[in-house]
Amino acid sequence: MTSVWQQVLLARPVSLEFLGRWASSSYLLRWLPLLQAWRSSSWLLQWSEAIALVLAALVYVLAPFVSTTLIGILLMAASAFWLLRVVSEPADLRRITPIHMLVGLYWAISTVATVLSPVRSAALDGWVKLTLYLLLFVWMARLLRSPQMRSILISIYLHVSLLVSVAGIRQFIFGADALATWVDVESSLAGTTRVYSYLGNPNLLASYLMPAVMLSAAAIFAWQRWLPKALASMMFVVHTACLVLTFSRGGWIGLVVGGFIFVLLLVHWYSIHLPRFWRIWSIPIVLGLSAGFVVVAVMAVEPLRDRVASMFVGREDSSNNFRINVWMSVIEMIKDRPILGIGPGNSAFNRIYPFYQQPGYTALSAYSIVLEVAAETGLIGLTCMVWLLLVTFHQGWTQLQRLRNLSHIQGFWLMGAIATMMGMLAHGVVDTVWYRPQVSTLWWGMVALVASYYVLPRAESPSGEQFPSDKDGDLGQDAFGEPGV
(Lines give C-alpha, C1' and ligand atoms only; values in the text may rest on other atoms or scores of the structure.)
Protein backbone atom coordinates (compact mmCIF):
# COMPACT_ATOMS: atom_id res chain seq x y z
CA MET A 1 0.00 0.00 0.00
CA THR A 2 2.87 2.38 0.83
CA SER A 3 4.44 1.70 -2.55
CA VAL A 4 1.18 2.48 -4.35
CA TRP A 5 0.75 5.70 -2.40
CA GLN A 6 4.30 6.75 -3.25
CA GLN A 7 3.54 6.16 -6.91
CA VAL A 8 0.36 8.23 -6.69
CA LEU A 9 2.31 11.09 -5.10
CA LEU A 10 5.15 10.65 -7.64
CA ALA A 11 7.44 10.35 -4.64
CA ARG A 12 9.86 8.18 -6.60
CA PRO A 13 11.82 9.59 -9.55
CA VAL A 14 9.93 9.21 -12.82
CA SER A 15 11.98 8.15 -15.82
CA LEU A 16 12.08 10.78 -18.54
CA GLU A 17 14.30 8.83 -20.92
CA PHE A 18 11.56 8.82 -23.55
CA LEU A 19 11.77 12.62 -23.70
CA GLY A 20 15.50 12.41 -24.27
CA ARG A 21 15.03 9.88 -27.08
CA TRP A 22 12.35 12.05 -28.66
CA ALA A 23 14.55 15.14 -28.43
CA SER A 24 17.47 13.35 -30.09
CA SER A 25 15.32 12.24 -33.04
CA SER A 26 13.11 15.33 -33.44
CA TYR A 27 13.54 17.24 -36.73
CA LEU A 28 12.37 20.42 -35.01
CA LEU A 29 14.93 20.24 -32.23
CA ARG A 30 17.79 19.66 -34.64
CA TRP A 31 17.83 23.42 -35.18
CA LEU A 32 18.39 24.17 -31.51
CA PRO A 33 22.21 23.92 -31.62
CA LEU A 34 22.17 26.96 -33.90
CA LEU A 35 20.25 28.90 -31.26
CA GLN A 36 22.56 27.61 -28.55
CA ALA A 37 25.57 28.92 -30.49
CA TRP A 38 23.81 32.28 -30.79
CA ARG A 39 23.15 32.29 -27.04
CA SER A 40 26.87 32.15 -26.23
CA SER A 41 27.43 35.41 -28.13
CA SER A 42 24.17 37.16 -27.21
CA TRP A 43 24.53 40.15 -24.92
CA LEU A 44 20.81 39.95 -24.04
CA LEU A 45 20.87 36.36 -22.80
CA GLN A 46 23.99 36.98 -20.75
CA TRP A 47 21.67 38.95 -18.48
CA SER A 48 18.77 36.50 -18.74
CA GLU A 49 18.45 35.93 -14.98
CA ALA A 50 18.28 39.65 -14.24
CA ILE A 51 15.80 40.26 -17.09
CA ALA A 52 13.59 37.41 -15.87
CA LEU A 53 13.65 38.90 -12.38
CA VAL A 54 12.66 42.34 -13.70
CA LEU A 55 9.75 40.88 -15.69
CA ALA A 56 8.54 38.88 -12.69
CA ALA A 57 8.87 41.94 -10.46
CA LEU A 58 6.85 44.03 -12.92
CA VAL A 59 4.02 41.50 -12.82
CA TYR A 60 3.77 41.61 -9.03
CA VAL A 61 4.48 45.32 -8.65
CA LEU A 62 1.84 46.43 -11.15
CA ALA A 63 -0.83 43.76 -10.61
CA PRO A 64 -2.83 45.61 -7.89
CA PHE A 65 -2.84 48.92 -9.76
CA VAL A 66 -3.30 48.23 -13.49
CA SER A 67 -5.88 46.64 -15.76
CA THR A 68 -6.02 42.91 -16.33
CA THR A 69 -5.12 43.54 -19.97
CA LEU A 70 -1.75 44.99 -19.02
CA ILE A 71 -1.12 42.07 -16.67
CA GLY A 72 -1.79 39.74 -19.59
CA ILE A 73 0.67 41.64 -21.80
CA LEU A 74 3.35 41.38 -19.12
CA LEU A 75 2.72 37.65 -18.78
CA MET A 76 3.01 37.20 -22.55
CA ALA A 77 6.28 39.15 -22.65
CA ALA A 78 7.75 37.17 -19.76
CA SER A 79 6.61 33.84 -21.26
CA ALA A 80 8.06 34.74 -24.67
CA PHE A 81 11.39 35.61 -23.08
CA TRP A 82 11.38 32.36 -21.13
CA LEU A 83 10.70 30.33 -24.31
CA LEU A 84 13.57 32.11 -26.06
CA ARG A 85 15.83 31.27 -23.16
CA VAL A 86 14.78 27.61 -23.03
CA VAL A 87 15.23 26.86 -26.72
CA SER A 88 18.67 28.48 -26.73
CA GLU A 89 20.17 26.34 -23.97
CA PRO A 90 20.86 22.61 -23.67
CA ALA A 91 17.89 20.61 -22.44
CA ASP A 92 18.05 19.62 -18.77
CA LEU A 93 15.38 17.13 -17.76
CA ARG A 94 16.39 17.53 -14.09
CA ARG A 95 14.32 20.71 -14.01
CA ILE A 96 11.11 18.76 -14.64
CA THR A 97 9.59 18.06 -11.23
CA PRO A 98 6.54 15.92 -10.39
CA ILE A 99 4.64 19.19 -9.97
CA HIS A 100 5.55 20.18 -13.54
CA MET A 101 4.18 16.86 -14.79
CA LEU A 102 0.81 17.38 -13.14
CA VAL A 103 0.62 20.98 -14.30
CA GLY A 104 1.29 19.78 -17.84
CA LEU A 105 -1.39 17.10 -17.50
CA TYR A 106 -3.94 19.66 -16.30
CA TRP A 107 -3.06 21.91 -19.24
CA ALA A 108 -3.55 18.96 -21.63
CA ILE A 109 -6.96 18.18 -20.11
CA SER A 110 -7.95 21.84 -20.39
CA THR A 111 -6.85 21.83 -24.02
CA VAL A 112 -9.04 18.83 -24.82
CA ALA A 113 -11.92 20.46 -22.92
CA THR A 114 -11.45 23.58 -25.05
CA VAL A 115 -11.52 21.61 -28.31
CA LEU A 116 -14.69 19.75 -27.26
CA SER A 117 -16.39 22.78 -25.69
CA PRO A 118 -19.90 23.67 -26.89
CA VAL A 119 -18.70 27.31 -26.96
CA ARG A 120 -15.25 26.74 -28.42
CA SER A 121 -14.40 30.36 -29.24
CA ALA A 122 -15.25 31.51 -25.71
CA ALA A 123 -13.35 28.59 -24.18
CA LEU A 124 -10.33 29.45 -26.32
CA ASP A 125 -10.12 32.83 -24.60
CA GLY A 126 -10.02 31.11 -21.22
CA TRP A 127 -7.49 28.57 -22.49
CA VAL A 128 -5.11 31.37 -23.50
CA LYS A 129 -5.35 32.92 -20.02
CA LEU A 130 -4.82 29.55 -18.33
CA THR A 131 -1.81 28.87 -20.55
CA LEU A 132 -0.25 32.19 -19.52
CA TYR A 133 -0.74 31.38 -15.84
CA LEU A 134 0.80 27.92 -16.26
CA LEU A 135 3.73 29.39 -18.18
CA LEU A 136 4.12 31.80 -15.26
CA PHE A 137 4.44 28.76 -13.01
CA VAL A 138 7.08 27.19 -15.25
CA TRP A 139 9.42 30.16 -15.54
CA MET A 140 8.87 31.22 -11.93
CA ALA A 141 9.79 27.72 -10.73
CA ARG A 142 13.04 28.08 -12.68
CA LEU A 143 13.73 31.64 -11.46
CA LEU A 144 12.99 30.89 -7.80
CA ARG A 145 15.55 28.07 -7.66
CA SER A 146 18.06 30.80 -6.91
CA PRO A 147 17.85 31.74 -3.21
CA GLN A 148 18.83 35.32 -4.02
CA MET A 149 16.10 35.68 -6.67
CA ARG A 150 13.63 34.05 -4.30
CA SER A 151 14.41 36.48 -1.50
CA ILE A 152 14.39 39.55 -3.75
CA LEU A 153 11.06 38.72 -5.37
CA ILE A 154 9.36 37.90 -2.05
CA SER A 155 10.66 41.15 -0.58
CA ILE A 156 9.33 43.13 -3.55
CA TYR A 157 5.87 41.59 -3.21
CA LEU A 158 5.79 42.23 0.56
CA HIS A 159 6.64 45.90 0.10
CA VAL A 160 4.06 46.39 -2.68
CA SER A 161 1.37 44.62 -0.66
CA LEU A 162 2.27 46.85 2.30
CA LEU A 163 1.27 49.87 0.22
CA VAL A 164 -1.97 48.10 -0.69
CA SER A 165 -2.70 47.29 2.97
CA VAL A 166 -1.98 50.83 4.17
CA ALA A 167 -4.41 52.18 1.57
CA GLY A 168 -7.03 49.70 2.79
CA ILE A 169 -6.62 50.66 6.44
CA ARG A 170 -6.87 54.31 5.45
CA GLN A 171 -10.22 53.54 3.79
CA PHE A 172 -11.50 52.05 7.04
CA ILE A 173 -10.41 55.09 9.05
CA PHE A 174 -11.70 57.76 6.68
CA GLY A 175 -14.48 55.81 4.98
CA ALA A 176 -14.92 54.54 1.43
CA ASP A 177 -17.88 54.16 -0.90
CA ALA A 178 -19.13 50.62 -1.41
CA LEU A 179 -18.85 49.84 -5.12
CA ALA A 180 -21.42 47.04 -4.81
CA THR A 181 -23.85 45.51 -2.30
CA TRP A 182 -21.28 43.63 -0.25
CA VAL A 183 -23.28 43.27 2.98
CA ASP A 184 -26.89 42.23 3.57
CA VAL A 185 -28.78 45.53 3.88
CA GLU A 186 -30.90 44.05 6.66
CA SER A 187 -27.94 42.99 8.81
CA SER A 188 -26.36 44.98 11.66
CA LEU A 189 -23.26 45.41 9.46
CA ALA A 190 -25.08 47.21 6.67
CA GLY A 191 -23.18 50.46 7.36
CA THR A 192 -19.78 48.87 7.99
CA THR A 193 -16.93 49.91 5.70
CA ARG A 194 -15.45 46.93 3.91
CA VAL A 195 -12.06 47.97 2.59
CA TYR A 196 -10.98 47.13 -0.94
CA SER A 197 -7.88 49.32 -1.43
CA TYR A 198 -6.73 49.44 -5.07
CA LEU A 199 -8.38 46.16 -6.05
CA GLY A 200 -12.00 47.34 -6.05
CA ASN A 201 -13.43 44.33 -4.21
CA PRO A 202 -12.97 43.31 -0.55
CA ASN A 203 -13.05 39.57 -1.31
CA LEU A 204 -10.39 40.03 -3.97
CA LEU A 205 -8.28 42.12 -1.59
CA ALA A 206 -8.54 39.45 1.11
CA SER A 207 -7.25 36.76 -1.25
CA TYR A 208 -4.50 39.06 -2.55
CA LEU A 209 -3.27 39.67 1.02
CA MET A 210 -3.23 35.99 2.02
CA PRO A 211 0.33 35.44 0.74
CA ALA A 212 1.38 38.77 2.27
CA VAL A 213 0.25 37.66 5.73
CA MET A 214 1.93 34.25 5.54
CA LEU A 215 5.14 35.39 3.89
CA SER A 216 5.56 38.35 6.26
CA ALA A 217 5.18 35.88 9.14
CA ALA A 218 7.86 33.73 7.50
CA ALA A 219 10.07 36.80 7.05
CA ILE A 220 10.12 37.36 10.82
CA PHE A 221 12.14 34.15 11.07
CA ALA A 222 13.93 34.20 7.71
CA TRP A 223 15.33 37.73 7.84
CA GLN A 224 18.40 37.66 10.05
CA ARG A 225 18.92 41.15 11.48
CA TRP A 226 16.73 42.90 14.04
CA LEU A 227 15.70 45.81 11.84
CA PRO A 228 14.42 43.54 9.05
CA LYS A 229 12.67 41.40 11.66
CA ALA A 230 10.95 44.51 13.04
CA LEU A 231 9.91 45.47 9.51
CA ALA A 232 8.54 41.98 8.91
CA SER A 233 6.60 42.12 12.20
CA MET A 234 5.08 45.46 11.24
CA MET A 235 4.16 44.06 7.82
CA PHE A 236 2.48 41.06 9.42
CA VAL A 237 0.35 43.24 11.70
CA VAL A 238 -0.66 45.64 8.91
CA HIS A 239 -1.46 42.88 6.40
CA THR A 240 -3.48 40.92 8.94
CA ALA A 241 -5.40 44.00 10.06
CA CYS A 242 -6.25 44.96 6.48
CA LEU A 243 -7.38 41.43 5.64
CA VAL A 244 -9.64 41.37 8.69
CA LEU A 245 -11.08 44.77 7.75
CA THR A 246 -12.20 43.44 4.36
CA PHE A 247 -14.90 41.61 6.36
CA SER A 248 -14.57 38.85 3.80
CA ARG A 249 -15.86 35.71 5.45
CA GLY A 250 -14.02 33.53 2.95
CA GLY A 251 -10.88 35.56 3.61
CA TRP A 252 -11.29 35.05 7.34
CA ILE A 253 -11.67 31.30 6.84
CA GLY A 254 -8.52 31.29 4.74
CA LEU A 255 -6.66 33.38 7.31
CA VAL A 256 -7.55 30.97 10.12
CA VAL A 257 -6.71 27.87 8.08
CA GLY A 258 -3.47 29.32 6.72
CA GLY A 259 -2.49 30.62 10.15
CA PHE A 260 -3.08 27.22 11.75
CA ILE A 261 -1.02 25.50 9.07
CA PHE A 262 1.84 27.99 9.47
CA VAL A 263 1.84 27.58 13.27
CA LEU A 264 1.81 23.79 12.89
CA LEU A 265 4.76 23.86 10.53
CA LEU A 266 6.62 26.34 12.70
CA VAL A 267 6.19 24.27 15.85
CA HIS A 268 7.20 21.15 13.95
CA TRP A 269 10.30 22.97 12.67
CA TYR A 270 11.50 23.87 16.17
CA SER A 271 10.30 20.69 17.90
CA ILE A 272 13.51 18.93 16.89
CA HIS A 273 15.28 21.04 19.53
CA LEU A 274 12.68 20.55 22.29
CA PRO A 275 12.56 18.05 25.17
CA ARG A 276 10.42 14.96 24.67
CA PHE A 277 7.39 16.35 26.55
CA TRP A 278 7.22 19.48 24.41
CA ARG A 279 7.77 17.51 21.21
CA ILE A 280 4.60 15.58 22.01
CA TRP A 281 2.42 18.34 23.43
CA SER A 282 3.65 21.55 21.77
CA ILE A 283 1.41 21.28 18.72
CA PRO A 284 -1.82 20.54 20.67
CA ILE A 285 -1.03 23.35 23.14
CA VAL A 286 -0.27 25.91 20.43
CA LEU A 287 -3.35 24.95 18.43
CA GLY A 288 -5.51 25.14 21.54
CA LEU A 289 -4.20 28.58 22.42
CA SER A 290 -4.66 29.76 18.82
CA ALA A 291 -8.23 28.48 18.68
CA GLY A 292 -8.94 30.11 22.03
CA PHE A 293 -7.59 33.44 20.79
CA VAL A 294 -9.82 33.30 17.69
CA VAL A 295 -12.90 32.45 19.76
CA VAL A 296 -12.24 35.24 22.27
CA ALA A 297 -11.63 37.76 19.48
CA VAL A 298 -14.87 36.82 17.74
CA MET A 299 -16.91 36.96 20.94
CA ALA A 300 -15.39 40.23 22.12
CA VAL A 301 -15.63 42.27 18.89
CA GLU A 302 -19.25 42.78 17.83
CA PRO A 303 -18.67 43.32 14.07
CA LEU A 304 -16.58 40.16 13.93
CA ARG A 305 -19.19 38.25 15.91
CA ASP A 306 -22.03 39.36 13.63
CA ARG A 307 -20.09 38.62 10.45
CA VAL A 308 -19.04 35.16 11.64
CA ALA A 309 -22.58 34.39 12.80
CA SER A 310 -23.87 35.16 9.30
CA MET A 311 -21.94 32.13 8.01
CA PHE A 312 -24.28 29.81 9.89
CA VAL A 313 -27.71 31.29 9.17
CA GLY A 314 -28.06 29.62 5.79
CA ARG A 315 -30.39 31.32 3.34
CA GLU A 316 -31.38 33.98 5.85
CA ASP A 317 -28.30 35.93 4.74
CA SER A 318 -28.68 37.33 1.21
CA SER A 319 -25.07 36.55 0.27
CA ASN A 320 -25.42 32.96 1.46
CA ASN A 321 -28.70 32.59 -0.39
CA PHE A 322 -27.18 33.97 -3.60
CA ARG A 323 -24.24 31.56 -3.48
CA ILE A 324 -26.42 28.55 -2.70
CA ASN A 325 -28.61 29.27 -5.71
CA VAL A 326 -25.57 29.69 -7.96
CA TRP A 327 -24.04 26.45 -6.66
CA MET A 328 -27.24 24.54 -7.40
CA SER A 329 -27.27 25.86 -10.95
CA VAL A 330 -23.60 25.02 -11.50
CA ILE A 331 -24.15 21.48 -10.23
CA GLU A 332 -26.77 21.06 -12.94
CA MET A 333 -24.20 22.28 -15.50
CA ILE A 334 -21.74 19.67 -14.26
CA LYS A 335 -24.34 16.92 -14.47
CA ASP A 336 -24.92 17.68 -18.15
CA ARG A 337 -21.19 17.68 -19.05
CA PRO A 338 -19.51 15.64 -16.30
CA ILE A 339 -16.48 14.31 -18.20
CA LEU A 340 -14.64 17.33 -19.63
CA GLY A 341 -16.93 20.23 -18.78
CA ILE A 342 -17.65 23.31 -20.88
CA GLY A 343 -14.07 24.54 -21.36
CA PRO A 344 -11.91 26.90 -19.30
CA GLY A 345 -12.50 30.56 -18.56
CA ASN A 346 -15.23 32.93 -17.46
CA SER A 347 -16.26 33.65 -21.06
CA ALA A 348 -17.34 30.03 -21.54
CA PHE A 349 -19.06 30.09 -18.16
CA ASN A 350 -20.97 33.26 -19.04
CA ARG A 351 -22.19 31.69 -22.28
CA ILE A 352 -23.48 28.50 -20.65
CA TYR A 353 -24.62 29.55 -17.17
CA PRO A 354 -27.70 31.58 -18.31
CA PHE A 355 -29.31 28.34 -19.52
CA TYR A 356 -29.15 26.97 -15.96
CA GLN A 357 -29.46 29.99 -13.71
CA GLN A 358 -32.39 30.52 -11.41
CA PRO A 359 -34.36 33.70 -12.14
CA GLY A 360 -32.64 36.77 -10.65
CA TYR A 361 -29.37 35.01 -9.82
CA THR A 362 -26.92 35.99 -12.52
CA ALA A 363 -23.28 35.13 -11.83
CA LEU A 364 -19.89 35.54 -13.48
CA SER A 365 -18.44 32.41 -11.86
CA ALA A 366 -19.34 29.38 -9.76
CA TYR A 367 -18.33 31.05 -6.44
CA SER A 368 -16.40 27.89 -5.57
CA ILE A 369 -13.15 26.74 -7.12
CA VAL A 370 -14.19 23.11 -6.69
CA LEU A 371 -17.35 23.64 -8.73
CA GLU A 372 -15.54 25.98 -11.14
CA VAL A 373 -12.86 23.41 -12.00
CA ALA A 374 -15.48 20.68 -12.36
CA ALA A 375 -17.64 22.89 -14.59
CA GLU A 376 -14.72 23.94 -16.80
CA THR A 377 -12.77 20.69 -17.15
CA GLY A 378 -15.18 18.08 -15.81
CA LEU A 379 -14.51 15.43 -13.22
CA ILE A 380 -11.34 14.46 -15.08
CA GLY A 381 -9.95 17.96 -14.65
CA LEU A 382 -11.06 18.11 -11.01
CA THR A 383 -9.34 14.78 -10.31
CA CYS A 384 -6.15 16.07 -11.94
CA MET A 385 -6.29 19.28 -9.90
CA VAL A 386 -6.69 17.32 -6.64
CA TRP A 387 -3.79 15.11 -7.72
CA LEU A 388 -1.69 18.20 -8.43
CA LEU A 389 -2.44 19.59 -4.97
CA LEU A 390 -1.57 16.29 -3.26
CA VAL A 391 1.74 16.05 -5.11
CA THR A 392 2.56 19.71 -4.42
CA PHE A 393 1.91 19.45 -0.69
CA HIS A 394 3.81 16.16 -0.51
CA GLN A 395 6.81 17.69 -2.26
CA GLY A 396 6.59 20.74 0.01
CA TRP A 397 6.53 18.55 3.11
CA THR A 398 9.40 16.38 1.86
CA GLN A 399 11.65 19.36 1.14
CA LEU A 400 10.68 20.97 4.44
CA GLN A 401 11.95 17.89 6.29
CA ARG A 402 15.25 18.12 4.43
CA LEU A 403 15.68 21.80 5.28
CA ARG A 404 14.59 21.18 8.88
CA ASN A 405 17.35 18.60 9.29
CA LEU A 406 19.78 21.19 7.96
CA SER A 407 18.24 23.97 10.13
CA HIS A 408 18.30 26.16 7.04
CA ILE A 409 16.37 29.45 7.03
CA GLN A 410 15.13 28.95 3.46
CA GLY A 411 12.63 26.53 4.97
CA PHE A 412 10.59 29.43 6.38
CA TRP A 413 9.68 30.64 2.87
CA LEU A 414 8.51 27.12 2.09
CA MET A 415 6.30 27.18 5.21
CA GLY A 416 4.82 30.48 4.06
CA ALA A 417 4.08 29.09 0.59
CA ILE A 418 2.36 25.97 1.95
CA ALA A 419 0.31 27.97 4.46
CA THR A 420 -0.65 30.46 1.72
CA MET A 421 -1.86 27.71 -0.58
CA MET A 422 -3.96 26.15 2.18
CA GLY A 423 -5.44 29.53 3.07
CA MET A 424 -6.25 30.41 -0.55
CA LEU A 425 -7.83 27.01 -1.09
CA ALA A 426 -9.98 27.42 2.04
CA HIS A 427 -11.11 30.84 0.80
CA GLY A 428 -11.67 29.44 -2.68
CA VAL A 429 -14.17 26.84 -1.48
CA VAL A 430 -16.74 29.65 -1.17
CA ASP A 431 -15.43 32.11 -3.79
CA THR A 432 -13.64 32.23 -7.14
CA VAL A 433 -11.40 35.28 -6.80
CA TRP A 434 -8.67 32.67 -7.33
CA TYR A 435 -9.26 33.17 -11.06
CA ARG A 436 -8.63 36.93 -11.07
CA PRO A 437 -5.18 37.83 -12.48
CA GLN A 438 -4.09 39.65 -9.30
CA VAL A 439 -4.69 36.46 -7.31
CA SER A 440 -4.03 33.78 -9.91
CA THR A 441 -0.49 35.08 -10.48
CA LEU A 442 0.09 34.77 -6.73
CA TRP A 443 -1.40 31.28 -6.58
CA TRP A 444 0.78 29.89 -9.35
CA GLY A 445 3.71 31.82 -7.90
CA MET A 446 3.25 29.91 -4.63
CA VAL A 447 3.06 26.58 -6.48
CA ALA A 448 6.26 27.59 -8.29
CA LEU A 449 7.88 28.50 -4.98
CA VAL A 450 7.20 24.99 -3.65
CA ALA A 451 8.44 23.41 -6.90
CA SER A 452 11.64 25.48 -6.78
CA TYR A 453 12.81 23.54 -3.71
CA TYR A 454 12.63 20.18 -5.47
CA VAL A 455 15.82 18.09 -5.27
CA LEU A 456 16.21 15.30 -7.80
CA PRO A 457 17.78 12.14 -6.37
CA ARG A 458 21.05 11.69 -8.23
CA ALA A 459 22.34 8.27 -7.43
CA GLU A 460 22.06 5.47 -4.94
CA SER A 461 24.80 4.09 -2.77
CA PRO A 462 25.27 0.31 -2.48
CA SER A 463 23.15 0.45 0.65
CA GLY A 464 20.32 2.10 -1.26
CA GLU A 465 20.77 5.58 0.21
CA GLN A 466 19.96 8.38 -2.24
CA PHE A 467 22.05 11.51 -2.53
CA PRO A 468 20.71 14.85 -3.79
CA SER A 469 22.28 16.46 -6.82
CA ASP A 470 24.12 19.70 -6.18
CA LYS A 471 25.13 20.48 -9.74
CA ASP A 472 24.55 24.11 -10.80
CA GLY A 473 24.80 25.21 -7.16
CA ASP A 474 21.07 25.43 -6.56
CA LEU A 475 19.99 21.89 -5.79
CA GLY A 476 22.19 20.66 -2.98
CA GLN A 477 22.27 21.44 0.69
CA ASP A 478 24.91 24.17 0.27
CA ALA A 479 22.87 26.02 -2.33
CA PHE A 480 20.82 28.17 -0.03
CA GLY A 481 22.19 31.62 0.55
CA GLU A 482 21.20 33.97 3.33
CA PRO A 483 18.20 36.08 2.30
CA GLY A 484 18.07 39.79 2.94
CA VAL A 485 15.39 42.43 2.78
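The largest nonpolar core has 109 residues. A nonpolar core is a set of buried Ala, Val, Leu, Ile, Met, Phe, Trp, Tyr and Cys residues joined through side-chain atoms within 4.5 Å. Buried means under 20% relative accessible area, with a 1.4 Å probe and protein chains only; exposed means over 50%, and partly exposed lies in between. Ile99, Phe137, Met140, Leu153, Trp413, Trp443 and Trp444 have the most contacts inside this core. Helix H10 (residues 202-222) gives the core its largest share, 14 residues. In soluble globular proteins, nonpolar side chains tend to be buried together.

The model is predicted; local features need pLDDT of at least 70, side-chain atom pairs count only at pLDDT 80 or more, and totals for chains, interfaces and linings use all residues. Residues are numbered from 1 along each chain as its sequence is written, and side-chain values use heavy atoms, with hydrogens and water left out.

Two residues illustrate the packing. Met140 touches Ala56, Tyr60, Leu153 and Ala448, when residues up to four places away in sequence are not counted. Contact here means heavy atoms within 4.5 Å. Thr420 lies in helix H18 (residues 410-428). Thr420 counts as buried because its relative accessibility is 0%. With neighbours within four places in sequence left aside, Thr420 is in contact with Met210, Pro211, Met214 and Met446.

The protein as a whole has 19 helices and 2 strands. Both are DSSP runs, numbered from the N terminus: helices are H or I with at least four residues, and strands are E with at least two. Of the 485 residues in the protein, 50% are buried. Among contacts with a separation of 6 or more, 76% join residues 24 or more positions apart. The protein exposes about 22,500 Å². Carbon and sulfur atoms supply 68% of that area. Accessible areas come from the Shrake-Rupley method with a 1.4 Å probe; for residues, only the protein chains shown count as cover.

Backbone angles were also examined. Most residues other than glycine have a negative phi. Phe247 is not a glycine, yet its phi is positive, about 55°. Phe247 is found in the loop between helix H11 (226-245) and helix H12 (249-271). Its relative accessibility is 6%, so Phe247 counts as buried. Tyr367 also has a positive phi, near 55°. Tyr367 is found in the loop between helix H16 (346-352) and helix H17 (369-406).
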